[in-house]
Amino acid sequence: VFFRNKRDPSECHSVANTLGDSKKKRAALGVSGWLRQAVDCQIRSYRQKRKIQARMSGPDYKPYKCDLCNKTCRNNHVDHGTGEQSFREIVTAFEAEVVQRPLTPSDLTDELRPEWQKFHRKRARLSLTCALCNLRNK
């Protein structure tokens, strides 16, 4: 279940990623998994935005068209891109600029989540791709 903070619509939360102080849950999910889960609302919002844009484009709309190969895709992926735009590089920049060291599971708190979400929102250049193009980009 995903929801937006009514006082700050730019902030989003997931009941699933509210890990609180559970060291066991944080360790099981891992740093990368936790970071991905924390921005899943942004990914879902981007996908929904693209679907709305496609609907407004005309009666024969195709909701999910790959930005790389231009084919309609049923199983779409939201891609961060390659190089500096890759998810891995965004995480590395966050660690260097905000945390100033590599993240560990004990760092993954409810206080860190909004900082990461804001950082990701500023840095991510999302695109909609088919599975094949997304996996080829890795």
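Q: Where is Asn-70 found?
A: Asn-70 sits in the loop between helix 2 and strand 3. Helices (H or I, at least four residues) and strands (E, at least two) are DSSP runs, numbered from the N terminus. The model is predicted: local features need pLDDT of at least 70, side-chain atom pairs count only at pLDDT 80 or more, and totals for chains, interfaces and linings use all residues. Residues are numbered from 1 along each chain as its sequence is written, and side-chain values use heavy atoms, with hydrogens and water left out.

Q: What is the phi of Asn-70?
A: Start with the general idea. Most residues other than glycine have a negative phi. Here, Asn-70 has a phi near 70°, a positive value in a residue other than glycine.

Q: Is Asn-70 buried or exposed?
A: Buried means under 20% relative accessible area, exposed over 50%, partly exposed in between (1.4 Å probe, protein chains only). Asn-70 is exposed, with a relative accessible area of 52%.

Q: Where is Gln-100 found, and what is its phi?
A: Gln-100 lies in the loop between helix 3 (87-99) and helix 4 (112-123). Its phi is near 65°, a positive value in a residue other than glycine. Gln-100 counts as exposed, at 64% relative accessibility.

Q: How many salt bridges are there?
A: The general idea: side chains of opposite charge can pair when their charged atoms come close. The rule for a salt bridge is a side-chain nitrogen of Lys or Arg within 4 Å of a carboxyl oxygen of Asp or Glu. By this rule the count is five salt bridges.

Q: Which side chain meets Asp-67 in a salt bridge?
A: Arg-50 does, at 2.8 Å from N to O. The pair links distant parts of the chain, 17 residues apart. Asp-67 is in the loop between helix 2 (40-56) and strand 3 (76-79), while Arg-50 is in helix 2. Asp-67 is partly exposed, with a relative accessible area of 37%. Arg-50 is buried, with 16%.

Q: Which residue forms a salt bridge with Asp-110?
A: Arg-113 forms it, the closest N and O atoms being 2.8 Å apart. Asp-110 is partly exposed, at a relative accessible area of 30%. Arg-113 counts as buried, at 2% relative accessibility.

Q: Which side chain meets Arg-101 in a salt bridge?
A: That of Asp-107, at 2.8 Å from N to O. Arg-101 is partly exposed, with a relative accessible area of 41%. Asp-107 counts as buried, at 15% relative accessibility.
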